[in-house]
Amino acid sequence: MPCTLSLICEDAGVRLDRFLGGVPEIPSRSAAQRLLREGHVYLNGERCQEVDLKLKPGDQVRVDVPEAQPAEVLPEPGDLEILHEDSTLIVLNKPAGLVVHPAPGHASGTLVNRLLAHCQDWSGVGGVIRPGIVHRLDKDTTGVLVVAKHDRAHQFLAEQFRKHTVKRQYRALVWGILTSGEGTVDAPLGRHPIRRKEIAVRAEGRAAVTHWRVLERLGGVTSVACRLETGRTHQIRVHFHHLGNPLVGDPQYRRSRTTHRARLHQEAQGALAGFPRQALHAELLGFIHPDSKEPLEFRTDLPQDFRELLDVLRRHHRPTS
């Protein structure tokens, strides 16, 4: 069914297509560009088709999403660890190495490709008959993800994410010893001014709040549980990098010093150096079901590589909390 989205820009200088591509109801930046080219987008009441137009804080954007069309993305068979499925949504445990949505450089082999092959009862999201990706996990982040099967469910879930009423908890392993038992990072995030593929703490960025709690201190690293109050791109990774305690294995937001390595046993050093991805797992997701209005909560165990890394650290470094 067609729908209308009413949005307000909070950031200065963001491109219109990038802004729309970050809205949960619009599945990708390319889909946003298509909506712009076809004349479905209005800026401050006037039709706008400029994909690279720079927005100002307070700009009002309206999108008239048309009737869903067949997806351009092709179904591809692949394993899915499904935690729950009904006629409205699918909840699954995403493995490391799986890109959620097709994008330049990842036109196939994504979670969306696998979902299209898994079932055929998608009724249209964001103007295209395809799975409704309500939120994203980075390629190498594992854990719980919910996907809507139709536009009404997608909008209902997206509203919960916008209002920060979704319960989300992550497990992470960070470099260094966090001396406090718990804390909060309240630091706005925006696109890095030079490295445009990265996110950085910026005064003019969007509000971002991460609450964390120490689970174990293991030599020169700390195991933490994180609860998101907001859900910005790369939020946990950037916030801990900002603290000076970047995530173990993070290829993008790396630690700049090796001061903690000397505290670690040689085997632990090798295991940490060889960990192939950021040590981040979305272990819990809770939300209200779009149809039944019942609260649902899903929890997953740490993946095997994360558990094995913790076992090595515990074997050589007595855990302290």
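1. Let's start with Asp59, which counts as buried because its relative accessibility is 6% (buried means under 20% relative accessible area, exposed over 50%, partly exposed in between, with a 1.4 Å probe and protein chains only). Its side chain meets that of Lys56 in a salt bridge, 3.8 Å from N to O (a salt bridge is a side-chain nitrogen of Lys or Arg within 4 Å of a carboxyl oxygen of Asp or Glu). Lys56, at 53% relative accessibility, counts as exposed.

2. A word on what you are looking at: this is a predicted model, where local features need pLDDT of at least 70 and side-chain atom pairs count only at pLDDT 80 or more, while totals for chains, interfaces and linings use all residues. Residues are numbered from 1 along each chain as its sequence is written, and side-chain values use heavy atoms, with hydrogens and water left out.

3. Now the other salt bridges. A search of the whole structure finds 19 of them. One joins Asp64 and Arg62, with the closest N and O atoms 3.0 Å apart; Asp64 is partly exposed at 24%, and Arg62 is partly exposed at 32%. Another joins Asp291 and Arg152, at 2.9 Å between the closest N and O atoms. That pair links distant parts of the chain, 139 residues apart: Asp291 sits in the loop between S17 and strand S18 (295-299), and Arg152 in helix H4 (residues 151-162). Helices (H or I, at least four residues) and strands (E, at least two) are DSSP runs, numbered from the N terminus. Salt bridges that share partners also join Asp138, Arg237 and Asp250 into one network.

4. Next, find the open sheet, where four strands run in the order S1-S4-S2-S3 with antiparallel pairing (two strands pair if DSSP finds at least two bridges between them). Strands S1 (3-8) and S3 (46-47) stand at the edges with a single partner strand each, so one side of each has no neighbour in the sheet. Strand S2 (residues 41-43) and strand S4 (residues 60-65) pair over three bridges, and Val41 has Val63 in S4 as its bridge partner.

5. Which residues touch the most other members of the largest nonpolar core? They are Tyr170, Val224, Ile236 and Phe240, in a core of 31 residues. Such a core is a set of buried Ala, Val, Leu, Ile, Met, Phe, Trp, Tyr and Cys residues joined through side-chain atoms within 4.5 Å. Several elements each supply at least two residues of this core, including strand S11 (167-175), strand S16 (221-228) and helix H5 (235-243). Helix H3 gives the most, with four residues. Apart from this core lies another, of 22 residues, among them Ala32, Leu35, Leu43 and Leu53.

6. Take a closer look at Val224. Leaving aside neighbours within four places in sequence, Val224 is in contact (heavy atoms within 4.5 Å) with residues including Tyr170, Leu178, Leu215 and Phe240. In H5, the buried residues include Ile236, Arg237 and Phe240. Just after H5, Gly244 takes a positive phi of about 90°.

7. Finally, helix H7 (residues 304-316). In H7, Phe306, Leu309, Leu310, Val312 and Leu313 are buried. Seen down the axis of H7, the buried residues fall within an arc of 155° (taken from the directions from the helix axis to the C-beta atoms), so they line one face of the helix. These buried residues pack against S11, S15, S16, helix H6 (266-273) and S17.
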